[in-house]
Amino acid sequence: MSLSARLTEWREKIRHRWMYRRGGGSAAPAAGGGAAAGAGGASFFAWVNEPGIGRLVKRIGLAILLIILLYYPIGMMIVHKVDDDLDFAPPALGAESGSHAVAYAAALIDREVNRNGWTANDPFFMPGVALDNMPNFQQGMMSALARFGFELTDQLGRARGSSEADPDLQRAAGLLQYPGNVWIWNPSVSLAPRASSESQYRDARTRLLAYNARLAAGNAVFDVRADNLLATLERFASDLGSSSALIDRHLAEKAGSFFDGEADDIFYFTKGKLYGYHMVLRGLGMDFERVIAERNLQKPWAEMMESFHRAAMLDPWVVSNGALDAQFQPNHLATQGFYLLRARTQLREIANILLK
C-alpha cells in the first residue's frame, strides 16, 4: 500500500473515532450555533453517564454542589418572614382573666419561636444563617419584651416596691435577657451543649402564662395604678432614647454611603423593638383603661399608638442610608428616627400628665 493510501486510511480512522467520542453518527450536523450547542450538551451528558467509579464520584459531587447552590437561596425564601402584622392578637381574655399586656408578650414569643422559627442563632447548615433582616427584627422585638419583663417584675407585678417580686415574673425577666444568638453547641466556647435561645424564651413564655393563670385565679398581683404606668412608660421612653442615639451615631458616621451593610441591621432591630412596644402598649392600654379614662388620656394615647404604628410599618425593599440632604437617595434610618422620636415624645407627654 502506498504512503498516500496509508495516510488517507489513518485520517479516516481518526475522523470516525472523533465522531464517536462526540456522540456523532452518520447524519450531518445541523448548521449554525445550534449544532455546537447540541454537541456540547451531548458531550456533557456523555461525560456524566460514562461508567466507572471515578465518574460516579464526580456525579455525586455535582449533585451535592447543585443541592448546596439551591438549598440556601430557596431555603432563605421559605424561612424569611418579618412578621410585622399589627392585627396580631393573643387569645381573647375576659375582664378578669389576667393581663392583656402579658398575654401579648407570651403570644409574641410563641409566634416568633414556635411558629415563625427563631433564626438569629441558626447554625451554618440552616438556610436562616444567611438571613439578615429577620434575625435583627426578632432580636429587636425580644429586647422590647425583655424591658417589659423587668417592668413587670419591678413595678406592675407587685403591690408596692418593697413587696416581694413574683417568682414567675422574676424568672421570666431573666430568661428574656438571654442572648438571641446562642445555639445548643459552640465548640469555641465549650464542648458541652448549652441552653439555646429558643429553649430560654419558651421557658419565659411558660412563666408568663403561669403568672397570668395565677392572676386570673386571684393568686398574683397586677397593680393597676397611675404611678406604675408612669414608671413603665418612662422606662420605655429611655430605652427608645438609646435606640435614637444609635441611629444618630450611625447617621453621623455613615450617612451618604452607597453600600452600608450595617444600616439594615440597625433599621430592622429598631423596627422589631418598635413593633414589640406597640403590641405591649396595646395590651397596657386595655389593662389601664380605667386610669387612662380618669386622666382623659384617650386622645394622647391614640396619637402615641399611631406614631408607633407608623414607625413599625416602615418596610422598604432596600434600606438606604443616603445623605441627609440627598435629592434622589433616601435615608430610611432618618425617617425611622423621626417616627421613633415622635413616639418617644408622646410617651413623655403622657407620663407628664400622669405625674400631675
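Visitor: Which residues does Gln155 touch, not counting residues up to four places away in sequence?

Guide: This is a predicted model. Gln155 lies in helix α5, and beyond its sequence neighbours it touches Asn228, Ala231 and Arg235. A separation in sequence can also be set beside a distance in space. Gln155 and Asp223 are 68 residues apart in sequence, while their C-alpha atoms are 7.9 Å apart.

Visitor: At what angle do the axes of α5 and α8 cross?

Guide: Helix α5 spans residues 133–156 and helix α8 residues 226–254; their axes cross at roughly 150° and come within 10 Å. Angles over 145 degrees count as roughly antiparallel, so α5 is roughly antiparallel to α8. The crossing of these two helices is right-handed.

Visitor: Which residues of α5 and α8 meet?

Guide: On the α5 side they are Arg147, Phe148, Glu151, Asp154, Gln155 and Leu156. On the α8 side they are Asn228, Ala231, Thr232, Arg235, Phe236 and Asp239. By class, this contact of α5 with α8 holds four nonpolar, three polar and five charged residues.

Visitor: How do α8 and α9 cross, left-handed or right-handed?

Guide: Angle and hand are read separately. The axes of α8 and α9 come within 11 Å and cross at roughly 165°, and the two helices are therefore roughly antiparallel to each other. The crossing of α8 past α9 is left-handed. From α8, the residues in the contact include Leu233, Phe236, Leu240, Leu246 and Ile247; from α9, they include Ile266, Leu274, Tyr277, Leu281 and Leu284. The contact of α8 with α9 divides into 12 nonpolar, five polar and two charged residues.

Visitor: What angle is found between α8 and α12?

Guide: Helix α12, residues 332–355, packs on α8 at about 155°, with the axes 9 Å apart. That makes α8 roughly antiparallel to α12. Here too the hand can be stated: α8 passes α12 in a left-handed crossing. The contact of α8 with α12 has 18 nonpolar, seven polar and three charged residues.

Visitor: How many residues does the largest nonpolar core have, and which have the most contacts inside it?

Guide: A nonpolar core is a set of buried nonpolar residues joined through side-chain atoms. The largest one in this model has 75 residues, and Phe148, Leu281 and Leu284 have the most contacts inside it. Helix α9, residues 263–287, supplies the largest share of this core, 11 residues.

Visitor: Which residues is Leu281 in contact with, leaving aside its neighbours within four places in sequence?

Guide: The partners of Leu281 are Leu233, Phe236, Trp301, Met304, Met305, Phe308 and Leu347.

Visitor: Where is Asn296 placed, and is Asn296 buried or exposed?

Guide: Asn296 is in the loop between α10 (289–294) and α11 (298–313). Its relative accessible area is 60%, so Asn296 is exposed. The backbone deserves a look as well: Asn296 has a positive phi of about 55° although it is not a glycine.

Conventions: Residues are numbered from 1 along each chain as its sequence is written. This is a predicted model: local features need pLDDT of at least 70, side-chain atom pairs count only at pLDDT 80 or more; totals for chains, interfaces and linings use all residues. Side-chain values use heavy atoms; hydrogens and water are left out. Axes are lines fitted to C-alpha atoms, for helices over the stretch in contact, and angles run from 0 to 180 degrees between N-to-C directions. Helices (H or I, at least four residues) and strands (E, at least two) are DSSP runs, numbered from the N terminus. Angles under 35 degrees count as roughly parallel, over 145 as roughly antiparallel, 65 to 115 as roughly perpendicular and the rest as oblique. A crossing is left-handed if the near helix is turned anticlockwise from the far one by less than a right angle, and right-handed if clockwise. Contact means heavy atoms within 4.5 Å. Ala, Val, Leu, Ile, Met, Phe, Trp, Tyr, Cys and Pro count as nonpolar, Asp, Glu, Lys and Arg as charged, and the others, Gly among them, as polar. A nonpolar core is a set of buried Ala, Val, Leu, Ile, Met, Phe, Trp, Tyr and Cys residues joined through side-chain atoms within 4.5 Å. Buried means under 20% relative accessible area, exposed over 50%, partly exposed in between (1.4 Å probe, protein chains only).
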